Amino acid sequence: DSTALLTDDDSIDKPEANAVSALMLFNQDNRLTTILLWTVWAGFGFTYYGTVIIAPEFFSGSSSSNHTSDNSTGHTFDYPALFTTGAAELLGATLAVLIIHRFNRKPLSSTSFLLAGGTMILLIIPMSRLTGIFVLVLARMCVFLASCVIWVMTPELYSTSVRAAGHSWSNGMARLAAFATPYWGDARSIPLSVRLIFYGAVNIMAGVACIFFPKETRGTILE
């Protein structure tokens, strides 16, 4: 079929290089999608790296023979616990591959964020080291799972004309939030429980935002 072949015919209209503007993400068709996606991307950028930053302080509060002290800084690191919680990324990515095409994107992303928020708040309750490892792994896994779903869902929510720009700007919001999170996660003047509650609240906010996405994208044909 010759119509399926690429052509260099100058008669075909080609978009200009400056045709896509960030303002197009806020036109009538894209405004709600963009606001919700920027909220969600900033949320998981802030909270995902927050779980990484806050983990050493969380585990330093429990006494264990596995702790190693850095005499130069006075900090104590539970390396086995930190290594174990790092496995949450592998678990989250594997789970995403297995279920992303089995469940609708909106409830999957929303549920993941809400579970992450709930488990982050649970960390304020005194618990054993083993329980703390399990809860933190669950929180980090849920955030990572949610981020995987949002990575897939974001281009599906935009039309072709703004898809690349929409995904890029959303990713930028996550990078900005990741840049900001050390100023909160490492703020030792603020009680750890307050920081954990705030991280949980941000996850819950992202989960609620997912509910209001204008459409479900699983199984849809991209425009």
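Student: Where is T47 found?
Tutor: T47 is found in helix α1. Helices here (H or I, at least four residues) are DSSP runs, numbered from the N terminus. Before we go on: this is a predicted model, where local features need pLDDT of at least 70 and side-chain atom pairs count only at pLDDT 80 or more, while totals for chains, interfaces and linings use all residues. Residues are numbered from 1 along each chain as its sequence is written, and side-chain values use heavy atoms, with hydrogens and water left out.

Student: Thanks! Is T47 buried or exposed?
Tutor: T47 is buried, with a relative accessible area of 0%. Buried means under 20% relative accessible area, exposed means over 50%, and partly exposed is in between (1.4 Å probe, protein chains only).

Student: Which residues is T47 in contact with?
Tutor: If we leave aside neighbours within four places in sequence, T47 is in contact with V143, Y199, V202 and N203. Contact means heavy atoms within 4.5 Å. There is also T181: its C-alpha atom and that of T47 are separated by 7.5 Å, and the two residues are 134 residues apart along the chain.

Student: And what about T51, buried or exposed?
Tutor: T51 counts as buried, at 1% relative accessibility. T51 is found in helix α1, and its contacts, leaving aside neighbours within four places in sequence, are M120 and R140.

Student: R140, okay. Which residue forms a salt bridge with R140?
Tutor: That is E89, and the closest N and O atoms of the pair are 2.9 Å apart. A salt bridge is a side-chain nitrogen of Lys or Arg within 4 Å of a carboxyl oxygen of Asp or Glu. E89 lies in helix α3 (residues 88-99) and R140 in helix α5, so this pair ties together parts that are 51 residues apart in sequence.

Student: Why can side chains pair like that at all?
Tutor: Side chains of opposite charge can pair when their charged atoms come close.

Student: How covered are those two? What are their relative accessible areas?
Tutor: E89 is partly exposed, with a relative accessible area of 26%. R140 is buried, with 10%.

Student: How many salt bridges does a search of the whole structure find?
Tutor: Four. One of them is between R195 and E57, whose side chains meet at 2.8 Å, N to O. R195 lies in helix α7 (residues 192-211) and E57 in helix α1 (residues 31-60), so the pair ties together parts that are 138 residues apart in sequence. R195 is buried, with a relative accessible area of 0%, and E57 counts as buried too, at 16%.

Student: Helix α5 keeps coming up. How far apart are its end C-alpha atoms?
Tutor: They are 41 Å apart. At 1.5 Å a residue, the 29 residues of α5 (residues 129-157) should span 42 Å, which agrees. The expected span is 1.5 Å times one less than the number of residues.

Student: Where does α5 bend?
Tutor: At W151, by about 25 degrees, and a proline, P155, follows within four residues. The bend at a residue is the angle between axes fitted to the seven residues ending there and the seven starting there.

Student: How many residues of α5 are buried?
Tutor: 21 of its 29 residues are buried, so to speak mostly covered.

Student: New topic: which residues does I121 touch?
Tutor: Not counting residues up to four places away in sequence, I121 touches I197, G200 and I204. I121 lies in helix α4 and counts as partly exposed, at 28% relative accessibility. The C-alpha atoms of I121 and G200 are separated by 5.4 Å, with the residues 79 apart along the chain.

Methods. Helix = DSSP H or I, 4+ residues; strand = E, 2+ residues; numbered from the N terminus.
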